[in-house]
Amino acid sequence: MTRVVNAMTVDVEDYFHAASFDRVVSRSSWASRDSRVVRNTETLLATFDRAGVHATFFILGWVAERFPELVRDIAAGGHEIASHGFHHQLIYLLTPEQFREDVRCAKATIEDAAGCTVRGYRAPSFSIVRGSLWALDVLIEEGHSYDASIFPIRHDRYGIPDAPRHAHRIDTPAGSIAEVPSSTVRLGGHNLPTAGGGYFRLLPYAWTRWGMSKLNGAGEPAVFFIHPWEIDVNQPRLPV
């Protein structure tokens, strides 16, 4: 049998960057807050090193600008460097021009810190939805060869439920781009997420293990994601 290699991915952002905190955390306050992204990401790097795991790190440009040494540490560990945008803004709230500036700034900042080319992109909160598919053209034009933003589920904030569940190519007026969605299983006529994030935090671990086993049993790789703040037991509490 062919060995299935699963994809570990990390969205490198701080706890206060999460879109669910937008109403209580102003962007102007980010620089003055207790940043914990370096220590948490370094803990993940050490964990991956012990386990012999290499991952793709989708790094927020804001983080790369302030902590370029963290980006270099990630690259030195043999991990793939990719982009999570710069300001962690939901794409469907931006104009194409605003999105292009965010993508371009993030790519340049991360590449300067890492010393390598950034090919991959994941939108904050998977915010490439049906109404913002124009973002794929911008990504192609700005030099990205793959995207990992389209979640094939039904959700109040993101998702295209009838999108393909596995890696595929999307042709657009600007060219072609590979799409690598986070993992789901098909159950009862619905796509159910088994990919990480809140689904990993809130559901029993058995759900993630079962979902990955189901995918691997069918010869399909699983794509898992985690944020550095999710392993931080001392994360500051915000008023939400």
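Axes are lines fitted to C-alpha atoms, for helices over the stretch in contact, and angles run from 0 to 180 degrees between N-to-C directions. Helices (H or I, at least four residues) and strands (E, at least two) are DSSP runs, numbered from the N terminus. This is a predicted model, where local features need pLDDT of at least 70 and side-chain atom pairs count only at pLDDT 80 or more, while totals for chains, interfaces and linings use all residues. Residues are numbered from 1 along each chain as its sequence is written, and side-chain values use heavy atoms, leaving out hydrogens and water.

| Pair | Angle | Axes apart |
|---|---|---|
| H4 (residues 96-114) and H5 (residues 134-141) | about 40 degrees | 10 Å |
| H1 and H3 | about 5 degrees | 11 Å |

H1 and H3 are therefore roughly parallel (angles under 35 degrees). Val37, Val38, Thr41, Glu42 and Leu45 of H1 meet Leu70, Asp73 and Ile74 of H3, with contact meaning heavy atoms within 4.5 Å.

Now for the cores. A nonpolar core is a set of buried Ala, Val, Leu, Ile, Met, Phe, Trp, Tyr and Cys residues joined through side-chain atoms within 4.5 Å; buried means under 20% relative accessible area (1.4 Å probe, protein chains only). The largest one has 34 residues, and Val12, Phe57, Ile59, Val63, Ile74 and Ile110 touch the most other members. Another core, of 17 residues, lies apart from it and includes Ala135 and Leu139.

What does Phe57 touch, not counting residues up to four places away in sequence? Among its partners are Val10, Leu45, Phe48, Ile74 and His79.

How values were computed: Buried < 20%, exposed > 50% of the residue type's maximum accessible area, 1.4 Å probe, protein only. Parallel < 35°, antiparallel > 145°, perpendicular 65-115°, else oblique.
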